[in-house]
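I would like to walk you through one structure, so please have a look at it before I go on.

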Amino acid sequence: MIEFNNVSLTYPNGHQGLKNVNLKFNDGEFIVVVGLSGAGKSTLIRSINQLVKPTEGELLIDGEDTLKFNEKKMRKLRTKIGMIFQNYNLVKRSTVLKNVLTGRLGHIGTFRSMFNLFPQSDVRLAMESLNRVGIAEKAYVRSDQLSGGQQQRVSIARALTQQPKVILADEPVASLDPPTSHIVMKDLKRINREDNITTIVNLHFIDMAMEYADRIIGMRAGEVVFDGPASEVTEKTFEEIYGRPIKEDDLRGNLEDEEENTSTDTGVEK
Ligand SMILES: Nc1ncnc2c1ncn2[C@@H]1O[C@H](COP(=O)(O)OP(=O)(O)OP(=O)(O)O)[C@@H](O)[C@H]1O
């Protein structure tokens, strides 16, 4: 369980990224965080693996206050938290398999990691992960040869190869077209169900949030302004979170748009 108790985060320039956040995420939940640009969604999820460090409060993971962790404990915790970024964060000139294997770096010793000496069991795990996102046949292709949707699936496979307890996804579909966005969200949801990995996804598309989330957290100006099951969320809820009427730009569109969209990224390589 992840627990934010009165967590605030003030950036060095004095900007308050989080204001007195109180939240509990249960194991295996699929949570979507929504809010306008600048609302604090990234700050919230990046606090969990301390890519940014809260300045006040307690952030408990399985009962331990991670804000008190030393570097060694923090490194160990990070091996259990997979992270997915909008821009995939792959080593473009490396093969897909090598990128996926970096998910094991925290698990092997420093010497082995310096020379990328991964045990066969790690290679098997990486191949299994690629298989689970449907791109095992791309294992030996350079990652920059793949489409955006495929690259995002490589980054999901890399996270899976960590055998994480938690996956954090920061705007994972923001650079993808509607059909590919759905493929990626379906992969995340399936993995969440199959492996019971707590999954926290930042999205600014409200239709996708409603389709995939079990629970929605709404943020505005660093504060949690909504927290409830997706089934209870209406357009009015989003208008309250966003502080304005919903616009077309707030929607990703659905799978039916696929036929009308001629520039889709459904897996065709560059
Ligand atoms: N390193 C930083 N130093 C100062 N202010 C920051 C820093 N990082 C983020 N902020 C500010 O904190 C606020 C929250 O940013 P955050 O990136 O968490 O928002 P967000 O909801 O994820 O929006 P976006 O989708 O645009 O990234 C914004 O006003 C942002 O400008």
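How many Å separate the centres of domain 1 and domain 2, taken over C-alpha atoms? This is a predicted model, and in it the two centres, taken over C-alpha atoms, are separated by 24 Å. The domain assignment gives domain 1 as 26-52 + 71-80 + 164-252, and domain 2 as 89-163.

Where the two domains touch, domain 1 contributes 14 residues and domain 2 contributes 13. On the domain 1 side, the elements that give two or more residues are α2 (71-79) and α7 (178-195), and of these α7 gives the most, with six residues. By class, that side of domain 1 has eight nonpolar, three polar and three charged residues.

Let me stay with α7 for a moment. It packs with helix α6 (residues 148-161) at an angle of about 15°, the axes being 9 Å apart, and the two helices are therefore roughly parallel to each other, with a right-handed crossing. The residues that meet include Ile156 and Leu160 in α6, and Ile183, Val184 and Leu188 in α7, while the contact taken as a whole divides into six nonpolar, four polar and two charged residues.

Finally, the ligand. Among the residues that surround the ligand are Tyr11, Asn13 and His15, together with Gly40, Lys41, Ser42 and Thr43. Helix α1 (residues 41-48) gives the most to this shell, with three residues, and by class the shell has nine polar, two nonpolar and one charged residues.

Conventions. Residues numbered from 1 in each chain as written. Predicted model: local features only at pLDDT ≥ 70, side-chain atom pairs only at ≥ 80, totals over all residues. Domains from an automatic or database assignment. Contact = placed C-beta atoms within 7 Å. Helix = DSSP H or I, 4+ residues; strand = E, 2+ residues; numbered from the N terminus. Nonpolar A, V, L, I, M, F, W, Y, C, P; charged D, E, K, R; others polar. Near = placed C-beta within 6 Å. Axes fitted to C-alpha atoms, helices over the stretch in contact; angles between N-to-C directions. Parallel < 35°, antiparallel > 145°, perpendicular 65-115°, else oblique. Left-handed = near helix turned anticlockwise from the far one by under 90°.
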